[in-house]
Amino acid sequence: MDNEPQFFETNAAPGVVGQPLSRVDGWAKVTGQARYSAEYNQLPGLVHAVLKTSDVAKGRVTSIDTSAAQRQPGVLAIFTHENLPKLAKTPNNPDDRKAFASSPMSFFPMASDQVHYAGQPVAMVVADTLEHAQYAATLLKVNIAAEVPVSSYLDPKATSYVPKNVKGTAGVTKRGDAQAAFRSAPVQLTATYHHATNHHNPMEPGATTAHWEAPDRLTVYDTTQGVSETQKTLAAMLGLATEQVRVVTKYLGGGFGCKAWVWPHVVLAPLAAKAVGRPVKLVLTRPQQFTGMGHREEQEQTLRLGATKEGKLLGIVHEKTSTTSPWDDYAETNSRIINMLYALPAFESTYHLAKASVMTSTSTRAPGDMPGSFAIECSMDDLAYQLGLDPIQVRLLNYAEKDATNGHPWSSKSLKQCYARGAELFGWSKRNPKNGQTRQGKLLVGYGMATASYPVHNSVGNARVRLYADGRAVVQAGATDLGTGTYTIITQVAADALGVPPENVRFELGDTILPTTQWSGGSTAAGRVSSSVYLAAQEVWQKLIKAAVMDKKSPLYGAKAADVVMEKGRLQLKADPGKGEAFGEVMKRASLSDVEGTAQGRYGSVYKEPGATADANMNKEEKEAAAGYSMHAFGTHFCEVHVDPELGTVRVARWVSVMSAGRILNPKTARSQVIGGAIFGIGSALMEQTVRDPNLARYTNADLASYHVPVNADIPNMTVDFIDEHDPHVNAMGVKGIGEISIVGVTAAVANAVFHATGRRLRSLPMTPDKVLEALRQPA
Amino acid sequence: MNDFSYTQAASAKEATGRLKDQAQAAYIAGGTTLLDLMKANLQEHPQLVDINLLPFKGIEQTKDGLRIGALERMSVVGEHPLVVQAFPAISQSLLLAASPQLRNMASIGGNILQRTRCGYFRDAAFPCNKRVPGSGCPAQTGDNHNLAILGVSDSCIANSYPGDLSVALAAFDAVLTLENAKGKQRRVPLTEFYLLPGTTPQKETVLEPGELIVAVTIPTAAHTQRSTYLKVRERSSYAYALASAAVGLDVQAGTIRAARVALGGVGAQPWRSREAEQALVGQPATDATFRAAAAAALRGAQPREHNRYKVELAQNTLVRALQQVAAG
Ligand SMILES: Cc1cc2nc3c(=O)[nH]c(=O)nc-3n(C[C@H](O)[C@H](O)[C@H](O)COP(=O)(O)OP(=O)(O)OC[C@H]3O[C@@H](n4cnc5c(N)ncnc54)[C@H](O)[C@@H]3O)c2cc1C
Ligand code: SF4
């Protein structure tokens, strides 16, 4: 198979799991050989599609004059709501939607004359070159009878309501009587937190290349975090059988949640390709990326926290208000983390939504937990200051020894060790307990910390391992590597499981012709795919051991299979390691060119549910008990900020993150995940915001010059450490995800440090200079 | 982007002579502003004349002061020893701008002619008086967080020039040398080069169609040597100024003999503040003086809902810049 990292040069010794192996796909990437979804330019007769999107946020298309565009050289087809081929099943129909594995919103544009948000596709031009298509698109005359839009939940025209459900969480949830607990609490804190709209902005925009290899055979090269989910959804929408669609994603230039779904352009490209009879490439422009693949919704949360005079939590009442689209009741579920993070006796949460002229917001790195952690972790900081406690102390005082939401014990939890290690690495003991005391020249210096946590989301998936007699191996799973290191860590896992050096392993992913596995999202891929590969390798050994003990010429002949083990590529007797032979010998004599194993890996509480393949030795009671664990990764962030009280600027001067997430497969790629998440969070804390015009409901800064993400100069040297954990319950490899937890708590750590520096609590993100100056005008 | 023809010219005469339609064609230097605008369909030009081969080069001391050719690159000028030593504020205004890649491409003439970053101007889907006269100015009641508070009008509140260099040039009495299609040269002080929006925000400078910027000359003085450019922005680099200040002081025995002050990020044009200078000259170089000067500079501010913070921020920025220069 082409376009895969080849067998590679490695820098790690045998026994590579847990070693800082450099990326196996690094060479392919830096030399430009790695082909991304918009780079399949060799497809025969490839042509280009360009979207024309709506200027206005609400209205009806009254006419689209395509005549000037039609006349342009190279133009092959122009689609509008009047001639777009009908979908077999459409997101616009609630019944149809049930067939989709991955549909982010209940609306498909260009199915009618309705315009519901600025940037909504209203037409698509297909031409022989990108330039021809782009230019022709500018000649389309789209007439829209504009109506007055609603810009957000803050718009006076907006009306809010409590939905029945948001993302599987009830609109109102109660555990105990939190209202009463708050009312009677000796210490009561009430605060409201604001969050600006954020966009994922992966470096690689959304891109789909669709190639109909036959009328009933479609191959799609797509920027997706889940090839299987995209395959099923596309098949349903296009009226094909699942296996008639192949989806390929060999490399992804970042996803952060926005590439977890089948957005309109993913469907439009194959529709266009079918109509013109040629492969079609459709790439979103950067401005289109802002209205093409969702966003993190703007929101506010009010948290009412009741505690004893000693600082023990009694109850929390949480309310969130946010903007959603005209069709979906979508909100990130912030309440989850607030509910579980501490030993909290009573909790109540209510979601309020307001429909506005925007597309549905979507999963964005650590959805819910990220903004939820801002509210709870700032409020915990307030509690610490109010009672004169150290912020770590107040957290230890409320340490959750078990999951308060269901009473289950944790499958593993090393948060105390994270606090201790983080404090030590950071030098927390040097912190002045009073805020607003430390100066460095004109700058105010502050220390802050916060807790991080992210749940283990159940997922399952298959893998195949093929070991060749010459000691090479090919490993396959239809997973995606978001650029995070999946290629690398799975290579390591396979190498150790097969007892071969990592450079002998080639891991293939990102294709629906490979064993099916779930999407890379919710921080599930490392745990699930590593487990399935590990278990598939076990199957290879079982086959080889069987062959050896039945082979008269083998030193292991006649041994019980259960007495034979694999050690560094050698089959040998457990009791007498000297007796055995290399697997290649067994295979040679048996004329086996290769041996294959397949397995299903399970991540989360499904791992040990009855029926799971792994750990077949467990008895029924053990299995049921195992499924009764609560599974989360935990961690902590510490930071030092410098605030300029006259210029309002906040700069992060030092950073320490300590994470406990089961077994760390590769400290180098894990570290990259943690610093990536922390930087993303620093962006949200200090600068990232997408602004929608309050009257026209259109973004005013949909480009990377004005949507500010941190630059290198904003980021100090970062210290990252891990507390290694042994977790026998979470999956066969004992791995917990590290992707999303790394952003959780980051905004709070920064805000807590700003509070320590200035004595002012900023509760509105991002903390830009205008807000810092405003806060400093208020009395401390 | 529309189709356009492209030609290179080797001399000013050739460049102006090649223009088929002076009002429609455009010169291209580094292209870092022009191509962005064309790709976003905000400017359409049927013809581009590449002026990079023109001899508008050189960074040298002349009897009138420091002369910089309009086609010198931002990075080259910013790092030039003469500029670093004798005109620190100019060097800083260049090196704190944009990114290294952009500075390597971008020319001095192009920098002076860059256009506003107002989000409404930069997106053809919005109405905007500057782009489409008479269509309206949604920024007045919309997202005006980054926009100007001095010299603004009900037609437009954009920082027509959002960048840095011209702020320093405005402070230090720079003079532009322009050459028109007839080969005639004229000299225009930078402070008279930009136009306030009034009711015609589409008219941004006094440059005539087809006219070229040849060079910029900055008189050398004690206050150019003792100068600084301070830029406040939302991230540490690669962002436009929320507020900035170019200042130069000549302080003798604790008393300010001469002062130059211009503000960026807050004016409809690079904002030379003679009010601030008046408040400084003859006064002791103290914080009280600096604060009085800052107050004088912002006296005429007309903030809108989301840029009110700039009144305070610009004053603090100016005070800090003055403190830094006074401290040597
Ligand atoms: C992402 C980004 C960030 C930026 N950040 C900053 C910043 O922080 N601070 C800052 O100051 N600037 C910033 N800039 C602006 C940058 O400095 C300008 O784009 C650059 O200086 C323009 O120079 P150029 O040679 O590329 O101009 P071009 O794009 O070639 O030309 C710009 C305009 O000037 C005209 N022109 C050019 N030269 C002449 C001449 N000699 N005579 C007559 N007309 C001429 C052209 O016709 C055109 O209309 C940024 C730009 C970008 C894209
Ligand atoms: S401020 Fe000026 S540039 Fe911005 S929208 Fe108004 S008229 Fe246009």
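How far apart do the end C-alpha atoms of residues 31-148 of chain A lie, and what percentage of the span is helix and what percentage strand?

Modeller: The end C-alpha atoms of residues 31-148 of chain A lie 50 Å apart, and the span is 15% helix and 30% strand; helices (H or I, at least four residues) and strands (E, at least two) are DSSP runs, numbered from the N terminus. This is a predicted model, in which local features need pLDDT of at least 70 and side-chain atom pairs count only at pLDDT 80 or more, while totals for chains, interfaces and linings use all residues. Residues are numbered from 1 along each chain as its sequence is written, chains are lettered from A and ligands numbered from 1 in the order in which they are written, and side-chain values use heavy atoms, leaving out hydrogens and water.

An unreviewed UniProt entry lists residues 31-148 of chain A as "domain: Aldehyde oxidase/xanthine dehydrogenase a/b hammerhead"; such annotations may be inferred rather than shown by experiment.

The domain assignment, automatic or from a database, gives chain A a domain 1 (7-34 + 459-603) and a domain 2 (365-456 + 626-777). In contact (heavy atoms within 4.5 Å) are 26 residues of domain 1 of chain A and 21 of domain 2 of chain A. These two domains bury about 1,600 Å², with 61% of it on carbon and sulfur atoms; buried area is the accessible area (1.4 Å probe) lost when two parts are put together, summed over both. On the domain 1 side, A:T484, A:S523 and A:Y603 supply 31% of the area buried against domain 2 of chain A, more than any other three residues. The count of salt bridges between these domains is zero, where a salt bridge is a side-chain nitrogen of Lys or Arg within 4 Å of a carboxyl oxygen of Asp or Glu.

Chain A also meets chain B. That contact takes 30 residues from chain A and 32 residues from chain B, and the area buried is about 2,700 Å², of which carbon and sulfur atoms give 55%. B:E234, B:R235 and B:R320 lose the most area in chain B, together 26% of what that side buries. Four salt bridges are found across this interface. One pair in a salt bridge is A:D644 and B:R320, whose side chains meet at 2.8 Å, N to O. Elements giving two or more residues to the chain B side are β9 (227-232) and α13 (309-326) of chain B. Of these, α13(B) gives the most, with seven residues.
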